[in-house]
Amino acid sequence: MTAIPDRRRTELVLLLFVALIIGAGGVLVCLGMGISVLQAARPLAVVGAFIAAAMMLDLADPRRDRWLLPIFALLSGIGFLLLWQLDPRLASRQLIWMLTGSGLMVAAYYLIEDVRDLARLKYTSGLAALILVGLTLVFGVEHGGARLWLDVGGLLSFQPSELVKVLMCIFLAGYVAERWDLLREDTRRVAGFQMPKLRHIAPLLLMVIFSLAIFVGQRDLGAAVLFFGLFVAMTYLATGRKAYALIAFVLFAGGAFAAYSFFPHVATRIDMWLNPWGEPLGRGYQILQGLFALAEGGLMGTGFATAGGATIPAASTDLIFAVAAQQMGLFGATAILLLFALAAHRSFSIAWRATDRFGALLASALAIVFSLQALVIVGGVIKLIPLTGITLPFVSYGGTSVIVNFIALALLMAVARDCTPHLRGGELS
Amino acid sequence: MNELGRNIKRVAMIPAVGFAAMCLLLGWWQVIRGPELRAHPNNSRAQERLNNIQPGAIFDSEGEAILEVEEGPDGWQATYPAGEATSHLTGYNNRSGLQWGLRSARLGIGKHESPWAEFIEGPLQGNDIHLTVDAEAQRLATRLMRREAGAVVALDARTGAILAMVSAPTYDPALVLQSEWDFQMFQEDPGKPEYNRALQGLYPPGSVMKIFTAAMTLDLQRVERETTFDCTGSYEIDGAKVTCPRAHGEVTLDEALQVSCNTTFARLGRYFTADELADYLQRFRLLERAAVPMPSSTGTIGEFTDANRQVLLAETAFGQGRTLVTPLAIARATLAIANSGMALEPFLVKSIASPSGRVIAAGRRNEVGRAVSEETARIVAGMMVNVVEEGTGGVASIRRLKVAGKTGSAENPHGQAHSWFTAFAPADNPQVVVTAVVENAGAGAETAGPIVREVMALLLSRSGAG
């Protein structure tokens with residue numbers, strides 16, 4: 001057995017450092033909640049899941065990214081500490097999801113022999129995504145005004161849009177990789193623009209309509225923005241033409257305006273966003289409580305285990321970032337944003353180092369979904385855009401969300417493994 | 001492949017820029033807008049936090065506490081050591097008086113929040129307030145106004161600091177909230193003790209207005225101190241009749257002020273236009289609200305029309321008409337004469353001090369513009385000295401001291417005339433301005449004059465100038 005290569009040691013050191021931070025945080029939360037300090041083992045178990053996963057992944061194939069796991073371990077740990085104070089029962093469930101998710105991540109990493117094979121599953125994925133959304137539209141269960149959940153066997157409620165996310169990434173990456181030349185060269189002039197022929201772009205257009213359908217049918221603005229952003233970014237990656245992105249945004253703005261005019265629930269969201277002060281106890285309540293939480297946090301935060309989450313609606317899911325900003329202050333909240341920025345950077349760097357077109361596109365798509373999701377929900381909390389119901393990856397509570405994010409992570413690492421031949425010593429150079 | 005790599009790098013810029021923008025906006029809400037949001041009335045968590053902060057105490061200019069805070073069974077409780085003498089300043093609960101007006105300063109929130117507050121351990125404490133008023137003068141004025149209704153305002157003639165502000169009838173703030181019944185009696189009291197007459201009471205100025213009419217016509221150089229007028233005891237204008245108790249005969253402007261000759265001042269109404277009048281009212285700030293953190297009223301002079309213009313100018317000139325002003329406004333205008341024609345805005349808060357004693361904010365002399373020229377102010381001050389030494393204001397004279405003053409009897413629809421007196425002293429080096437109005441007390445000098453004299457004597461002796 002040779003010495004552990006440098007980067008492997010770096011990852012381990014980083015993970016142990018994360019364990020130290022989360023362990024210390026856990027002790028603080030225990031002291032704050034007045035329970036035994038030994039309970040700090042729970043948040044440590046979250047980090048432990050990552051460490052165990054890292055070791056098992058290395059048994060399969062050590063040529064993978066060394067930064068993503070520590071970043072997401074820290075985010076998951078922080079998320080758990082916040083959930084724990086808000087609702088210990090919810091936190092226990094989240095812990096189970098985390099353990100299951102990390103196990104599935106390892107399993108997926110083992111099972112996917114070559115990530116490039118997934119390209120063949122693109123239509124299957126696309127179809128599966130459509131069926132899932134269709135099922136939700138028909139059989140969906142409403143939670144908090146949005147029909148986003150499917151009840152499975154009356155026991156588990158399952159949020160298909162999370163899974164659709166990954167399926168869409170596979171579909172788009174596969175489709176664009178296959179039609180790469182056709183999308184770029186088989187064009188015709190339409191109204192002064194070089195447009196790809198309809199039969200090449202039709203499946204993509206279908207997806208735009210599909211995302212707007214989610215928007216209207218499910219009252220799920222967040223998912224709509226996410227899929228739409230993903231679609232625009234993929235089009236840009238394929239063609240390198242900003243004009244398409246511009247056209248898409250004009251269409252989106254038009255669609256959004258139409259929705260504002262015709263659908264009262266959309267109008268409510270927009271009005272509430274523009275002027276929450278008008279109805280501080282009514283429609284503006286949620287966004288104002290989020291802002292008050294931010295203000296309460298100030299620069300340094302109020303500290304772990306200080307009250308406040310109780311007044312925030314959906315504190316454990318949509319508004320978890322507000323709770324984080326309150327307890328950890330501007331410093332802590334900025335650190336969380338930096339972690340997401342770092343994760344995005346690592347994912348994109350896997351993408352642009354990939355020698356395989358499908359691999360590069362898949363990694364890009366996953367990176368876009370991750371960062372867009374964080375931006376949309378944080379942007380909603382800080383009143384940059386209307387607040388939407390969407391999870392903050394790895395931080396918010398949500399079973400489907402956690403599992404799917406781990407699978408996405410497995411895919412990212414598989415791309416790094418299979419599509420980047422110039423890996424050295426277990427690290428991307 | 002290279003092209004795809006380039007496109008990926010470009011797309012990767014978007015989240016990078018996005019996250020940077022998020023950090024900036026986050027700082028905007030958490031730090032820059034933070035204090036404002038923490039103090040927002042709809043912020044329930046703020047209420048919880050505020051309940052833990054010990055509100056600051058309120059002190060008079062000599063450091064005597066007029067409001068103290070102690071921990072009671074239902075949270076922080078205010079006590080009022082100076083009782084009824086300062087009730088209109090302290091208020092009787094946290095929604096009245098300065099307890100409401102200086103709420104954020106006393107709790108150390110909003111713009112008064114210390115940037116270091118969150119680093120300080122232990123129970124949070126608000127800021128202490130130091131007022132410019134002298135509790136001793138408050139007590140004296142309150143005693144003098146007992147059984148009367150009206151107000152007394154005393155200002156520092158050099159800075160505009162409010163040295164005393166008393167409204168009568170007053171009340172004991174500790175008794176108001178003793179029971180539901182007490183509170184109901186307090187609110188339904190026909191004497192309206194809750195009402196702060198010094199700032200909110202609107203009274204016709206009566207003859208004290210003549211000071212400002214004289215100052216204005218002198219400043220416009222339409223008349224001189226020695227210009228003579230003939231008083232036959234009555235003066236008619238556009239069918240309205242202005243009378244004096246007796247015919248004063250041929251009088252100079254100086255003498256007209258001394259004897260408070262109505263017909264002469266009514267005649268002065270012809271010497272200026274309505275616009276000039278409005279200009280000087282503004283310069284003397286006779287109609288403006290007071291710049292203190294408590295409710296105050298705006299004065300009025302009524303509506304000028306083509307039909308009533310000459311009559312209303314004449315009536316306004318001698319102090320009747322439709323003019324209504326607050327006692328503080330008369331004190332403030334008198335202060336402008338005392339301060340060589342330069343108008344000062346009175347202030348009530350001397351300083352706001354953090355728990356560690358650091359001064360966070362301080363009230364200071366605030367010149368708000370020239371009312372009249374120095375020369376005019378000097379002449380009018382001289383005329384006001386004559387009012388006290390030889391004219392109607394004799395009752396306000398203080399031994400070995402030159403007092404400049406003016407009486408007033410404001411006719412009003414509620415019975416006997418209101419008694420006014422406004423004065424400053426020493427005339428050649430003014431230190432204090434005192435104004436008093438006593439409701440329905442009859443002729444000027446008899447009731448309000450002695451009150452002004454007593455308060456003035458006390459304030460001068462306390463400042464070491466008497």
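Visitor: At what angle do helix H6 (residues 160–178) of chain A and helix H15 (residues 399–419) of chain A pack?

Guide: Ground rules first: this is a predicted model, where local features need pLDDT of at least 70 and side-chain atom pairs count only at pLDDT 80 or more, while totals for chains, interfaces and linings use all residues. Residues are numbered from 1 along each chain as its sequence is written, with chains lettered from A and ligands numbered from 1 in the order in which they are written. Helices (H or I, at least four residues) and strands (E, at least two) are DSSP runs, numbered from the N terminus; axes are lines fitted to C-alpha atoms, for helices over the stretch in contact, and angles run from 0 to 180 degrees between N-to-C directions. The axes of H6(A) and H15(A) lie 8 Å apart, and the angle is about 15°.

Visitor: Are H6(A) and H15(A) roughly parallel or roughly antiparallel?

Guide: Angles under 35 degrees count as roughly parallel, over 145 as roughly antiparallel, 65 to 115 as roughly perpendicular and the rest as oblique. The angle here is about 15°. H6(A) and H15(A) are therefore roughly parallel.

Visitor: And is the crossing of H6(A) and H15(A) left-handed or right-handed?

Guide: A crossing is left-handed if the near helix is turned anticlockwise from the far one by less than a right angle, and right-handed if clockwise. For H6(A) and H15(A), the crossing is right-handed.

Visitor: Is A:Asp318 buried or exposed?

Guide: A:Asp318 sits in the loop between helix H12 (285–297) and helix H13 (320–353) of chain A. Leaving aside neighbours within four places in sequence, A:Asp318 is in contact with A:Ile377, A:Gly389 and A:Ile390. A residue is buried if 20 or more other C-beta atoms lie within 10 Å of its own, exposed if 12 or fewer, and partly exposed in between, with C-beta atoms placed from the backbone. Because 24 other C-beta atoms lie within 10 Å, A:Asp318 is buried.

Visitor: What does A:Ala314 count as?

Guide: A:Ala314 also lies in the loop between H12 and H13 of chain A. Its C-alpha atom is 9.0 Å from that of A:Gly389, 75 residues apart along the chain. Because A:Ala314 has 17 C-beta neighbours inside 10 Å, it counts as partly exposed.

Visitor: How many residues of chain A are in contact with chain B, and which helix of chain B gives the most to its side?

Guide: On the chain B side 31 residues take part, and on the chain A side 41. Helix H1 (2–32), helix H2 (34–38) and helix H3 (44–52) of chain B each supply at least two residues of the chain B side. By class, that side has 15 nonpolar, 10 polar and six charged residues. The most, 20 residues, comes from H1(B).

Visitor: At roughly what angle do the axes of helix H9 (residues 221–239) of chain A and H1(B) cross?

Guide: H9(A) passes H1(B) in a right-handed crossing. The contact is made by A:Ala233, A:Tyr236 and A:Leu237 with B:Leu4, B:Asn7, B:Ile8 and B:Val11, giving six nonpolar, one polar and no charged residues. The axes come within 8 Å and cross at roughly 145°.

Visitor: How many residues of helix H15 (residues 309–318) of chain B are buried?

Guide: The cover includes helix H11 (209–219), strand S8 (234–237), strand S9 (240–243), helix H13 (262–268) and helix H14 (274–283) of chain B. Among the buried residues of H15(B) are B:Leu312, B:Leu313 and B:Phe318. H15(B) has 10 residues, and the buried count is seven.

Methods. Contact = placed C-beta atoms within 7 Å. Nonpolar A, V, L, I, M, F, W, Y, C, P; charged D, E, K, R; others polar.
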